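Here's a quick briefing on the salt bridges. Take a look at the model first, then read on.

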Amino acid sequence: MPELPEVETVRRGLEPVLTGHVITEALVNRPDLRWPFPERMAERLTGQRILALRRRSKYILADLGSGESLLIHLGMSGRMLVSGAMLGEFHHDHPAPAKHDHVVLTMDSGARVTFNDARRFGSMDLMPTDHAAEHPLLAGLGPEPLGNAFHEAYLIGRLKGRNTPIKAALLDQRVVAGLGNIYVCEALFRAQIDPTRKAGALSAETVASLVPIIRQVLGEAIEAGGSSLRDYRQADGELGYFQHTFRVYDRESQPCVTPGCPGIVGRIVQSGRSTFHCPICQR
């Protein structure tokens with residue numbers, strides 16, 4: 001599942017193609033993905049100017065001139081692919097329609113944005129922009145880890161007294177929005193925190209140290225275009241590259257990268273997800 005850096009990378013790739021431009025034609029080629037599409041979705045999108053392109057947690061929001069916002073969730077295999085436009089130094093011609101091209105937006109510039117989703121776990125919805133925060137998928141989300149509301153005092157207070165493992169606490173979207181399995185593993189490794197330790201048992205100093213580390217890990221991942229493990233692609237179709245700098249994630253049985261550490265990266269399962277950690281460095 002794409003995490004915050006992957007979604008932010010896609011948003012940045014789409015922004016010059018979508019923001020300020022008009023959707024001259026919207027094609028919706030099936031009635032649903034993970035959930036049914038909203039009624040008259042193609043009609044409600046066609047002719048609308050995209051005023052802004054935002055990200056909230058792992059969702060992309062396109063604010064329309066109509067006063068509605070298009071919510072986009074990539075799911076497990078969803079891709080937003082751009083053609084007929086310059087992206088960086090490359091021009092991508094329009095490809096032939098593909099089997100899993102479920103939504104196609106043609107822009108007034110001639111660019112085309114195609115939502116392709118082979119597994120159909122993605123979703124799209126339309127809602128009033130003024131009430132977007134109340135949408136069921138967005139309501140109750142915690143602060144953005146790269147935003148001003150996510151700071152040391154907030155995280156210390158939010159984790160105080162929690163009896164859940166620190167990894168589970170950081171994956172709780174009500175605590176902090178957008179963090180996923182990959183980047184929590186990486187952040188806990190850099191902070192040298194055992195992922196099984198109870199969140200409420202950590203000292204305030206230890207919890208505070210997580211905030212800049214989380215920001216650093218996410219920032220590095222965004223600069224690398226995210227992590228491509230299976231289906232993820234950037235808007236120009238390219239892979240992300242952060243997986244080449246993983247320090248612990250997906251490195252089971254390999255030596256710990258911490259200088260002087262004799263540890264071997266191990267893997268345990270927490271809440272049905274693989275956790276990678278160094279049993280010696282992380283305490």
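Which residues are linked in a network of salt bridges? In this predicted model, the network takes in Glu-8, Arg-11, Arg-12, Glu-15, Arg-55, Arg-56 and Glu-144. The overall count of salt bridges comes to 14. As a bit of background, side chains of opposite charge can pair when their charged atoms come close.

**Pairs within helix 1**

- Arg-12 pairs up with Glu-8, with 2.9 Å between the closest N and O atoms.
- These two sit four residues apart in helix 1 (residues 4–18), so about one helical turn separates Arg-12 from Glu-8.
- Glu-8 is buried at 8% relative accessibility, while Arg-12 is partly exposed at 42%.
- Glu-15 makes a salt bridge with Arg-11, and here the closest N and O atoms are 3.4 Å apart.
- The spacing is again four residues in helix 1, which puts Glu-15 and Arg-11 about one helical turn apart.
- Arg-11 is buried, with a relative accessible area of 11%, whereas Glu-15 is partly exposed at 31%.

**A pair that spans the sequence**

- Arg-55 and Glu-144 meet through their side chains in a salt bridge, at 2.6 Å from N to O.
- Arg-55 belongs to strand 2 (residues 50–56) and Glu-144 to the loop between strand 10 (123–128) and helix 3 (152–159), so this pair ties together parts that are 89 residues apart in sequence.
- Arg-55 counts as buried at 17% relative accessibility, and Glu-144 is buried too, at 18%, given that the cut-off for buried is under 20%.

Note on methods. Residues are numbered from 1 along each chain as its sequence is written. This is a predicted model: local features need pLDDT of at least 70, side-chain atom pairs count only at pLDDT 80 or more; totals for chains, interfaces and linings use all residues. Side-chain values use heavy atoms; hydrogens and water are left out. A salt bridge is a side-chain nitrogen of Lys or Arg within 4 Å of a carboxyl oxygen of Asp or Glu. Buried means under 20% relative accessible area, exposed over 50%, partly exposed in between (1.4 Å probe, protein chains only).
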